[in-house]
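Hello,

Here is the structure I promised to pass on to you. Have a look at it first, and then read my notes below.

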Amino acid sequence: MSVALPSVTRLTQAAKEGVSGLPRAYWWLWTSTLVNRLGGFVAPFLAMYLTVDRGYSATYAGLVGALHGLGGAVAALGAGVMTDRLGRRPTLLIAQSATAVSVAVLGFVEHPVAIASVAFFVGMATNGSRPAVQAMMADIVAPEDHIRAYSLNYWAINLGFAFSAAVAGLIAEHGYLALFLGEAMMTLLCAVVVFVKLPESRPVREQAVGAAGTADAAPEIGLGNVLRDRSFMAVVALSFLVASLIQQGFVGLPVAMGASGLSSTDFGLAIAVNGVLIVAVQIPVTRFIERHREPTRLLVGAALLIGYGFGLTAFAGSVAVYALTVCVWTMGEIINTPIQMGLVARLSPTHGRGRYQGVYVLSWSLAALVAPLTAGAVIDRYGADVLWAGCAVVGTLTAAGYASLMRAVGPGMERGDGVGEPAGDGAGEPARDGSRADRTVSAG
């Protein structure tokens with residue numbers, strides 16, 4: 001007993017430190033994320049709904065899934081622009097209201113063309129809120145707390161996903177329509193939370209005094225400025241590689257396990273480790289990240305864990321070993337996600353956060369499109385072992401990319417001490433118009 005009590009005390013203290021000091025508005029935004037993910041019933045069961053309940057082919061279900069992903073990719077850029085122009089709160093309300101309506105409609109349409117079309121709009125609406133959420137989080141949370149805030153939000157996403165995936169199976173037994181209507185109602189509840197509790201957080205555009213002594217609004221940052229920001233686009237490219245690897249856990253892994261004679265239940269047990277591990281250790285790992293303050297080593301190590309975690313899958317032959325490989329790459333995901341999102345927030349100019357976050361979200365949307373096609377082609381032509389070897393190679397290249405990027409952005413960012421500025425490319429890179437903390441990259 002004397003040994004256990006200090007351990008409980010330390011865990012309690014760590015939990016308090018992990019959630020203390022964040023503004024009230026952040027917790028309402030966090031709550032809206034949790035509510036939204038608790039009601040995310042449709043996406044995990046969309047393919048099963050189309051093939052089992054509606055009787056469509058697997059090819060058609062794949063097409064609908066691709067259109068859903070394409071809608072998300074389109075929305076990433078459009079919602080990023082809306083976030084900067086209209087504001088974070090209006091973009092959130094529009095996206096969440098559109099999600100509720102389109103998801104409900106998807107539950108009633110029956111014609112294959114109508115289903116595919118509505119699924120595209122569902123993908124757009126669902127992904128439309130993400131740039132606004134991440135930009136608002138950067139607005140209302142102090143720069144030194146960005147990593148912790150994004151980590152807690154990621155924890156809420158996975159907690160909600162784990163719950164919704166479990167509950168959705170029970171709800172589906174009473175009819176799939178209940179899934180669509182349930183998600184629509186939960187999304188509307190999320191919109192109510194935003195409408196009632198969250199004020200607009202978009203920063204007021206700074207005034208610049210011209211040569212004639214007149215005050216003009218600071219120039220607007222367009223998508224072209226984002227695409228010419230070399231440091232940021234390097235982060236986007238590396239994010240795409242990481243996301244493509246993580247997608248293999250939901251694309252290549254079930255195919256490989258099925259080819260090994262394992263069942264869908266076996267896959268469910270193995271992949272459940274991903275969500276359980278994130279919920280269990282995300283917060284304490286984030287506390288370690290904040291104290292470590294060496295983002296380069298952590299990003300490089302995370303990339304290697306992800307790449308070689310999937311590489312080890314080539315040697316798996318039982319559910320237990322598959323679950324072990326999931327543990328390895330999930331730890332890389334847990335380390336990478338909050339640091340990378342904090343990196344995006346620090347590289348994003350104050351008045352361009354929406355567009356920057358939109359392009360960052362686009363990297364994940366494109367990965368969701370490319371990863372299934374790549375996995376299928378490689379497995380069909382060369383076998384799953386070649387796919388896993390390729391994942392190890394990509395992980396190694398990604399680790400090297402992170403090391404190179406963090407050397408380029410400057411020593412202040414490497415130390416995480418708030419000193420230094422990212423290396424730009426001259427006139428091609430937009431000016432950082434925030435505080436010094438807005439112009440630096442660190443682990444918090």
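**What I found**

The protein has 18 helices and two strands. Please keep in mind as you read that this is a predicted model. Of the 444 residues in the protein, 50% are buried. If you take the contacts between residues at least 6 apart in sequence, 82% of them join residues at least 24 apart.

The mean pLDDT of the protein is 81, and 84% of the residues reach 70 or more.

**Helix pairs**

One of its partners is helix α2 (residues 24–38): the two axes come within 10 Å and cross at roughly 160°. An angle over 145 degrees counts as roughly antiparallel, and therefore α2 and α7 are described that way. Their crossing is left-handed. On the α2 side, the residues that take part are Ala 25, Tyr 26, Leu 29, Thr 33 and Arg 37, and they meet Arg 130, Val 133, Met 136, Met 137 and Ile 140 of α7.

Helix α7 also packs against helix α16 (residues 353–382), at an angle of about 130° and with the axes 8 Å apart. That makes α7 and α16 oblique to each other, and this crossing is right-handed. From α7, the contact uses Arg 130, Pro 131, Gln 134, Ala 135, Ala 138 and Asp 139. From α16, it uses Arg 353, Gly 354, Gln 357, Gly 358, Tyr 360 and Val 361. If you compare the two lists for α7, you will find Arg 130 in the contact with α2 and also in the contact with α16.

The next pair to look at is helix α14 (residues 295–311) with helix α17 (residues 384–408). Their axes are 7 Å apart and the packing angle is about 175°, so α14 and α17 are roughly antiparallel to each other. In α14, the residues involved are Pro 295, Thr 296, Leu 299, Val 300, Ala 303, Leu 304, Gly 307, Tyr 308, Phe 310 and Gly 311. They meet Trp 388, Cys 391, Ala 392, Gly 395, Thr 396, Thr 398, Ala 399, Tyr 402, Ala 403 and Met 406 in α17.

**Residues around α17**

Is Gln 248 buried or exposed? Gln 248 lies in the loop between α11 (230–247) and α12 (252–259), and at 4% relative accessibility it counts as buried. Leaving out residues up to four places away in sequence, Gln 248 touches Leu 253, Pro 254, Phe 310, Ala 371, Ala 375, Leu 387, Trp 388 and Cys 391.

Gly 390 and Leu 245 are 145 residues apart in sequence, and their C-alpha atoms are 9.6 Å apart in space.

- Thr 337 sits in helix α15 (residues 319–347). With a relative accessible area of 6%, Thr 337 is buried. A polar atom of its side chain lies 2.8 Å from the backbone oxygen of Glu 333.
- His 68 belongs to helix α4 (residues 58–85) and is partly exposed, with a relative accessible area of 25%. Not counting residues up to four places away in sequence, His 68 touches Ala 119, Phe 120, Val 122 and Gly 123. The C-alpha atoms of His 68 and Ala 43 are separated by 9.3 Å, and these two residues are 25 residues apart along the chain.
- Leu 189 is part of helix α9 (residues 177–197). It is partly exposed, with a relative accessible area of 41%. Along the chain, Leu 189 and Asn 36 are 153 residues apart, while their C-alpha atoms are separated by 8.2 Å.

Enjoy exploring the model!

Best wishes

Notes. Residues numbered from 1 in each chain as written. Predicted model: local features only at pLDDT ≥ 70, side-chain atom pairs only at ≥ 80, totals over all residues. Heavy atoms only, no water. Helix = DSSP H or I, 4+ residues; strand = E, 2+ residues; numbered from the N terminus. Buried < 20%, exposed > 50% of the residue type's maximum accessible area, 1.4 Å probe, protein only. Polar contact = N/O pair within 3.5 Å; in protein donor to acceptor, adjacent residues only side chain to side chain. pLDDT = per-residue confidence, 0-100. Axes fitted to C-alpha atoms, helices over the stretch in contact; angles between N-to-C directions. Parallel < 35°, antiparallel > 145°, perpendicular 65-115°, else oblique. Left-handed = near helix turned anticlockwise from the far one by under 90°. Contact = heavy atoms within 4.5 Å.
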